[in-house]
Amino acid sequence: MRHTSAFLAGAVVGMVLYFVLFPNPSIFIRRHEAHTLPEELIVRKLLDTFYKDSDVELWPLKDQTDFKFEDDRNSKDNNTVGEILQRSIKVHCIVFVNEHSKLRLASAVDSTWVKRCSSLAYIGKTPNQSAPLPIVKSNYSLYATRTEATFALGDAVSYVQSKNFSESDWILFSTDNTFVIMENLRYFLSNQNSSDAVYAGKISKVAIGYARPFHSGMIVFSNTALRLLNRTSIESCNEKDVYEVTKSLCLSSNRFVDITPVDNNGTSLMNILPPKQSIKISGSTSKKVLLVLGSPYTVSMRFLSYQNIYSYEMLVYRLRPYGIKMS
């Protein structure tokens with residue numbers, strides 16, 4: 001009994017001290033709520049607040065020929081350069097939905113980088129559960145066999161060709177396990193001629209000699225190049241590769257020019273691996289680590305989890321070191 005009384009007295013004293021030092025008990029309530037809500041829902045609510053405050057607007061995929069650009073270079077806003085590029089370089093995004101991920105990847109993409117596309121459409125097999133995203137139905141999946149992936153890509157090309165875009169526009173095809181820094185992509189495209197039959201990037205299963213279960217990556221076409229593609233040539237292409245679905249477009253034999261950007265070392269700035277995977281594969285010496293982390297103008301990262309996608313959104317757009325010049 002003495003031990004029990006002493007324990008109860010100690011507990012009471014501890015509680016009194018806690019409420020004296022921390023008079024706001026809502027800490028417990030907030031922590032409890034955080035654990036009872038799905039993780040992705042919490043992150044999406046935070047991002048929705050960010051985009052509401054940032055006044056980001058996204059249009060559905062539709063004809064964009066009436067777009068008018070007004071130059072506001074004299075604006076004092078720090079985002080002026082990015083806004084000018086966003087308004088002058090129109091990039092229309094098509095995202096392939098992975099039906100195996102229970103829409104977690106598509107939801108992460110929908111909450112992050114695709115908000116900076118000029119217009120947007122999702123395409124893929126309709127999942128069994130009710131989809132909160134407007135998905136253009138296809139009978140084929142990019143995340144299945146090589147033949148089915150080729151048909152899925154053909155469906156996506158046909159869908160975009162049914163739209164009426166300006167000749168100066170660009171069309172981006174991406175998997176939902178990819179993160180694209182749209183500002184860097186637009187900066188790169190601003191120095192390219194969209195009237196040429198050009199493309200950049202690829203969608204592939206291979207990363208540094210290893211094949212993954214699903215395709216990943218992004219590829220962007222000038223509107224001129226996309227109009228030259230046709231479904232018959234896609235399905236009859238002899239350049240098919242079980243590990244790279246975009247080879248089924250026969251881009252080289254159709255004399256499309258690959259303009260994929262590279263850094264000073266000749267490494268592609270598109271579709272790089274997450275730093276964690278790159279560092280593990282390349283070793284841990286400081287020279288190699290700096291190399292695999294990529295250029296400040298990296299365009300896209302692939303083979304990401306949905307947690308990775310949310311993390312990149314925070315790291316790229318929310319974190320800035322005060323008083324330190326970025327290297």
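Predicted model: local features only at pLDDT ≥ 70, side-chain atom pairs only at ≥ 80, totals over all residues.
I count a charge as sitting over a ring if NZ of Lys or CZ of Arg is within 6 Å of the ring centre and within 35 degrees of the ring normal. With that rule I found Arg212 over the face of Phe303, at 4.8 Å from the ring centre. I also found the charged end of Arg116 over the ring of Tyr317, 3.5 Å from its centre.

Residues are numbered from 1 along each chain as its sequence is written, and side-chain values use heavy atoms, with hydrogens and water left out.

Next, aromatic pairs. I pair rings of Phe, Tyr and Trp (its six-membered ring) if their centres lie within 6.5 Å; planes under 30 degrees apart are stacked, over 60 edge-to-face, and the rest tilted. That rule gave me eight aromatic pairs. I looked up Phe173 and Phe221: the centres are 6.0 Å apart and the planes at 80 degrees, so I logged the pair as edge-to-face. Phe173 is in strand β5 (residues 170-175) and Phe221 in strand β8 (residues 210-222), 48 residues apart, so I have a link between distant parts of the chain. My strands (E, at least two residues) and helices (H or I, at least four) are DSSP runs, numbered from the N terminus.

Then I checked Tyr199 and Phe221, whose ring centres are 6.2 Å apart with planes at 35 degrees, so this pair is tilted. Tyr199 lies in strand β7 (residues 198-207), so with Phe221 in β8 the pair ties together parts 22 residues apart in sequence. I put Phe96, Phe173, Tyr199 and Phe221 down as one aromatic cluster.

On burial, I use under 20% relative accessible area for buried, over 50% for exposed and partly exposed in between (1.4 Å probe, protein chains only). Tyr199 counts as buried at 12% relative accessibility, and Phe221 is buried at 1%. Phe173 is buried too.

I also went through helix α7 (residues 182-189), where six of the eight residues are buried. Those are Met182, Asn184, Leu185, Arg186, Phe188 and Leu189.

Last, disulfides, meaning cysteine sulfur pairs within 2.5 Å. I found one in the structure, joining Cys93 to Cys117 with S to S at 2.0 Å. The S-S torsion is about -90 degrees, so I noted the disulfide as left-handed. Cys93 lies in strand β2 (residues 91-96) and Cys117 in the loop between α5 (104-110) and β3 (119-124), so the bond ties together parts 24 residues apart in sequence. Both Cys93 and Cys117 are buried.
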